[in-house]
Amino acid sequence: MSISVEASPAPVDTTKVTDRRILHFDSIDQALAEADRLVEGERAGKLKHVGNWTLGKVLGHLACCTEFAYTGAPLKPPFFIRWILRLRKNSFLYKPMSPGVKIPGVKGGTLATDPMPLDEALPRYRKVMERLKTEAPTAPNVIFGKMTHGESIALNLRHAELHLGFMVPM
């Protein structure tokens, strides 16, 4: 007797995805409203994923990365990497993030990529973003060091724009 196992599709090269959406959020409320809209679409079966992750995984990743502003990130990039990236700080804060960027030496290229059920991911994301709205981060950013409250908000909004853009309502 043979058992057939359906293979997972090959990962998409996210640098080459042409149908992702280019989003821009001016506020945490806009990012949360978009997350809610996408969750509604997912539950109605009207959401297309053009990247590699589920919406639950995306929201879980965004939540965990935002939580690093309060807990610290489990990374210690070399000084020269931090120095080079700090020269581009304004780009990270105020311009769209590039898809497909991988952190060298980190399995899978980034942190916080465990699958997460949507019913767990959305409340976790909402909770930490509501906290970020009213409470300045307490941990220095792993790349940029001490950031203002506004800079932390901007960085997390750019991050949300990137990942939520791979979810396309139908």
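**Model.** I am working from a predicted model.

**Entry 1: α2 and α5.** I looked up helix α2, residues 55–71, against helix α5, residues 118–134. Their axes come within 8 Å and cross at roughly 30°. Angles under 35 degrees count as roughly parallel, so I log α2 and α5 as roughly parallel to each other. The crossing is left-handed.

I then listed who meets whom. From α2, the contact takes in L55, G56, L59, G60, L62, A63, C64, T66, E67 and Y70. From α5, the partners are L118, A121, L122, R124, Y125, V128, M129, R131 and L132. By class, I get 13 nonpolar, 3 polar and 3 charged residues for this contact.

**Entry 2: Y70 and R131.** Both residues are in the α2–α5 contact, and I checked how they sit. R131 lies over the face of Y70. The distance to the ring centre is 3.7 Å.

**Entry 3: α1 and α6.** Next I took helix α1, residues 28–43, and helix α6, residues 149–164. They pack at an angle of about 25°, and the axes are 10 Å apart. That makes α1 roughly parallel to α6. I noted a left-handed crossing here.

On the α1 side I find I28, A31, E34 and L38. They meet I153, L157 and L164 of α6. The class count for this contact is 6 nonpolar, no polar and 1 charged residues.

**Entry 4: aromatic pairs.** How many aromatic pairs does a search of the whole structure find? I get 1.

Notes:
Residues are numbered from 1 along each chain as its sequence is written. This is a predicted model: local features need pLDDT of at least 70, side-chain atom pairs count only at pLDDT 80 or more; totals for chains, interfaces and linings use all residues. Side-chain values use heavy atoms; hydrogens and water are left out. Axes are lines fitted to C-alpha atoms, for helices over the stretch in contact, and angles run from 0 to 180 degrees between N-to-C directions. Helices (H or I, at least four residues) and strands (E, at least two) are DSSP runs, numbered from the N terminus. Angles under 35 degrees count as roughly parallel, over 145 as roughly antiparallel, 65 to 115 as roughly perpendicular and the rest as oblique. A crossing is left-handed if the near helix is turned anticlockwise from the far one by less than a right angle, and right-handed if clockwise. Contact means heavy atoms within 4.5 Å. Ala, Val, Leu, Ile, Met, Phe, Trp, Tyr, Cys and Pro count as nonpolar, Asp, Glu, Lys and Arg as charged, and the others, Gly among them, as polar. Rings of Phe, Tyr and Trp (its six-membered ring) pair if their centres lie within 6.5 Å; planes under 30 degrees apart count as stacked, over 60 as edge-to-face and the rest as tilted. A charge sits over a ring if NZ of Lys or CZ of Arg is within 6 Å of the ring centre and within 35 degrees of the ring normal.
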